[in-house]
Amino acid sequence: MNLTLKVWKQKNKNEKGHFETYQVKDISSEMSFLEMFDVLNEQLVAEGKEPIAFDHDCREGICGMCSMHINGRAHGPWHHTTTCQLHMREYKNGDTIVVEPWRANSFPVIKDLVVDRTSFDRIIEAGGYISVNTGNAVDANALPIEKQKADEAFAAAACIGCGACVAACPNASAMLFVSAKVSHLALLPQGDPERKTRAVNMIQQMDKEGFGSCTNIGACEAECPKGISLENIARLNREYIGAVFSGSGEGA
Amino acid sequence: MTLNSKIPAGPLESKWKNYKSTCKLVNPANKRHLDVIVIGTGLAGASAAASLGEMGYKVKTFCFQDSPRRAHSIAAQGGINAAKNYQNDGDSTYRLFYDTIKGGDYRAREGNVYRLAEVSANIIDQCVAQGVPFAREYGGLLSNRSFGGVQVQRTFYAAGQTGQQLLIGAYQALERQVALGNVTQYSRHEMQELVMIDGKARGIIARNLVTGELERFFGHAVLLCSGGYGNVFYLSTNAMGSNVTAAWKAHKKGAYFGNPCFTQIHPTCIPVSGDHQSKLTLMSESLRNDGRIWVPKKQGDSRKANDIPEEERDYYLERRYPAFGNLVPRDVASRAAKERCDAGYGVGASKQAVYLDYSSAIERYGKTEANKQGIENPDARTIRELGEGVVKEKYGNLFEMYEKITGEDPYKVPMRIYPAVHYTMGGLWVDYELQTNIPGLYALGEANFSDHGANRLGASALMQGLADGYFVVPYTLGNNLADDIRTKAIPTDHPAFEAAEKEVSDRINRLMNIKGKESVESFHKRLGKIMWNKCGMARNAQGLKEAIEEIKALRKEFWSNVFIPGDIKEFNPELDKAGRVADFLELGELMCLDALNRNESCGGHFREEYQTEDGEALRQDDQYMYVSAWEYKGDSQYEMHKEALDYEVVHPTQRSYK
């Protein structure tokens, strides 16, 4: 199939970006969306032009590196799918596809479709862990955990940190990301001792990074490639309010 | 130089205990003045950096991705082995050790492997304490499953995302140390050169991939945790950015490369769909717990899978290896698939695939589930639905991924699979302390050669990465740094840093100034084809000799005709890739040399000239019971050193899974 692509080009974070239009020919329906971009980039290199910069690594939907906003949707049209797992059988000959980077003040553009997501690392640094040094652990089976709880914790821990939730949210809120981590750890007994400081500190860091507030729109859940549930945000709110009112959640 | 593996004396089971009790220590006040550089933030790098940070060392981590959490360990699916014997099925430290030695076809060190088995149980404890949500049974205890090459259930898992959960655990521990100021992390940075001062590794030159600037970093020690080199084949299950550059630079500075030809071809990957293919996707080995592998009994049978009746299917693994069936080790399963396809029994449009079929598992689980739910005389449809439910819970994410990529529903039609490059057992030569022959330079995880011999067992890569990082290097590094406490941090305007930086910038300038006609990608593809055809699943002397000449020619062409767009001092992924491919173009040659030298078949290294009557790998223990450790001597010049492997406990035999 032949396609028209309108792709965001931006030299670096200081310069203004714009859309460029490209034509690609003979795209196979078996290709992944990123393989279609490979074809375009090879074409550009052959013409002596600079290819389009985009983030990608594992191409298996798990590393969280790929991050394209495709026809107005984070990671494109497929449900529970990262950009790298979207395949070209979705499109037909003659289609026009618009591709942009994640749009959020807290994710500044580095180049073209590549954005800076180090704010997510800093949110984890603020408390997204259990403070246990290597070598301090008791036998793993000394602590039975209800299967349902473990499964719920796993479902929250499945977040890949791609930032689609932020890109999809009109407020550019990072609540789904933060809540997934807070839930993962709050649901497990190991995470209990720090649950209050964790919720408060992570929220504070999120605000400091300039992410917007949550107004219960739900676009984050709808676009999340890993199906992280909105229930996590409800849990985060409970954790946060509980911590603040108990007075023990003072930022550490 | 003679190779000293530094295996401690004494009986196998007390070597590590004795080492830990007698190794030198660094007191906390001194640790604060010791800098450690960690390259790569996968399981080995993140676990090492976090643990060393906790101990008080000043750690710097480097990764080329935008965050440490993206390292390719994240994509490991199936699980992690540990000799916990929670299933009461006869497992023990010795048995995990023995399975690993045998699985590696008797080409690994006993001392290292025993230590690995010994610390395996601690890893599970540590990860659970960090909040890694492993799969559990209804009683609240941890669940296990089986992997290839073993007859016990010792694999711990988190659905099909075990690597992700373990890496997130290590990443969180790492971020905690970043917050505490013990670790400084440098993302989107790539190591370009090792800096040596007075014969010791003392730092690195890294390129900031955002600005293109070269930056200098000092370390009392440098830990390479940079993963494997499977991308030399172009198509592999590795991430697009996985590369050999850090290890290769160290190699060219004098670190020996161990067993470079030992590569693992994983039997169950989604087949290539066309020339556009950029990478291959693994379908976890755990699928062989329940899935059955078959091809039609008739050559060139073009009927659809579901139209081929049971009696016309050849479950060739169950036929050839009744004792282990579908759970034979990876090298054996891969070769068997290739043998069937080469003989004309392959399926799918390309005929380069076999079936991995879940219909009997779905039926079996469906019946059990119906029983559990008290449904009497369930009809076929109910059984199927219930069975699909169980399979979905166990393997749902893998089935979903298969459907996204192929457009076929694996619950209804068998998956098509074919072997693909997955892991490299070879890597930098290290001693028992994980130190290379360059003092102060260490290699951990897949980047070293040490524990898997000629073939790695499934679910053992995660085990090794975390063993090295959490439980081995924190001891062995101290043993060596104890002698370095008087060494003050060396300023990075030292001439050795100047010279190393100049080397890097000259090289980059040279690459940019070629201004040829062909893209980096195209050279990488061409190299991959040579490697796959001549140094892949089956190798022979003539093919390897041809490959060496072809690679040399291709390298020459690369250095005269590659085209890299953009500038040096900016974000330029084409330039990053060019540096990596340039290194692959050298490594490929060494892999072929090593494969040509090893006139035997063992594990993943299959030389067609050396096979038993029924097509199994034929080792030549009298001649090749050694690690080949290659020293770089200049362009295309290598000298091989041998480290003899002494088996004191296990008696090597012809490996049999029949």
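Hi everyone, let's start with a pair of residues in chain B: B:Thr61 stands opposite B:Gln185, which sits in β5(B). Before I go on, please keep in mind that this is a predicted model.

So which strands does that pair belong to? Strand β2 of chain B, residues 58-62, pairs with β5(B) in the parallel sense, over 4 bridges. Both belong to an open sheet of 5 strands in chain B, with the order β5-β2-β1-β9-β17 and parallel pairing. The edges are β5 (183-186) and β17 (441-443) of chain B, and each of these pairs on one side only. Neighbouring strands here are turned by 20 degrees against each other on average, direction ignored. As a quick reminder, strands of a sheet pair through backbone hydrogen bonds, either parallel or antiparallel.

What lies across this sheet? Helix α7 of chain B, residues 245-252, lies across β1 (35-39), β9 (221-224) and β17 of chain B. Relative to β9(B), helix α7(B) runs at about 130 degrees.

The largest one has 276 residues, and the members that touch the most other members are B:Leu223, B:Leu224, B:Leu428 and B:Tyr442. Helix α16 of chain B, residues 573-597, provides the largest share of this core, with 13 residues. If you click on B:Leu428 and leave aside its neighbours within four places in sequence, you will find contacts including B:Leu224, B:Ala247, B:Ala250, B:Phe257 and B:Phe449. B:His251, B:Thr436 and B:Asn448 are also among the contacts of B:Leu428.

Let's zoom out to the domains of chain B. The domain assignment gives domain 1 as 12-22 + 29-262 + 425-484, domain 2 as 266-421 and domain 3 as 509-624. The centres of domain 2 and domain 3 of chain B, taken over C-alpha atoms, are separated by 32 Å. How many residues are in contact between these two domains? There are 6 from domain 2 of chain B and 5 from domain 3 of chain B. On the domain 2 side, helix α9 of chain B, residues 330-342, gives the most, with 5 residues. By class, that side of domain 2 of chain B has 1 nonpolar, 1 polar and 4 charged residues.

Now over to chain A. Here the assignment gives domain 1 (3-111) and domain 2 (118-133 + 144-246). Their C-alpha centres lie 28 Å apart, and 18 residues of domain 1 of chain A are in contact with 16 residues of domain 2 of chain A. On the domain 1 side of chain A, the residues divide into 6 nonpolar, 10 polar and 2 charged.

Chain A has an open sheet of 5 strands too, in the order β2-β1-β5-β3-β4, with mixed pairing.

Helix α1(A) comes back when we look at how the two chains meet. Across that interface, 67 residues of chain A are in contact with 63 residues of chain B. The elements of chain A giving two or more residues are α1, β6 (109-111), α2 (118-125), α3 (147-157) and α5 (175-186). Of these, α1(A) gives the most, with 6 residues. The chain A side has 31 nonpolar, 18 polar and 18 charged residues.

Helix α3(A) is worth a look as well. Its buried residues include A:Glu152, A:Ala153 and A:Phe154. The buried residues of α3(A) pack against α5 and α8 (231-246) of chain A, together with α6 (162-180) of chain B.

Is A:Ile203 buried or exposed? A:Ile203 counts as buried because it has 27 C-beta neighbours inside 10 Å. Not counting residues up to four places away in sequence, A:Ile203 touches A:Val178 and A:Tyr240. A:Val178 is 25 residues away from A:Ile203 in sequence, but 7.4 Å away in space, C-alpha to C-alpha.

Methods. Residues numbered from 1 in each chain as written. Chains lettered and ligands numbered in written order. Predicted model: local features only at pLDDT ≥ 70, side-chain atom pairs only at ≥ 80, totals over all residues. Pairing = 2+ DSSP bridges. Domains from an automatic or database assignment. Contact = placed C-beta atoms within 7 Å. Nonpolar A, V, L, I, M, F, W, Y, C, P; charged D, E, K, R; others polar. Buried ≥ 20, exposed ≤ 12 C-beta atoms within 10 Å, placed from the backbone. Axes fitted to C-alpha atoms, helices over the stretch in contact; angles between N-to-C directions. Core = buried A, V, L, I, M, F, W, Y, C linked by C-beta atoms within 7 Å.
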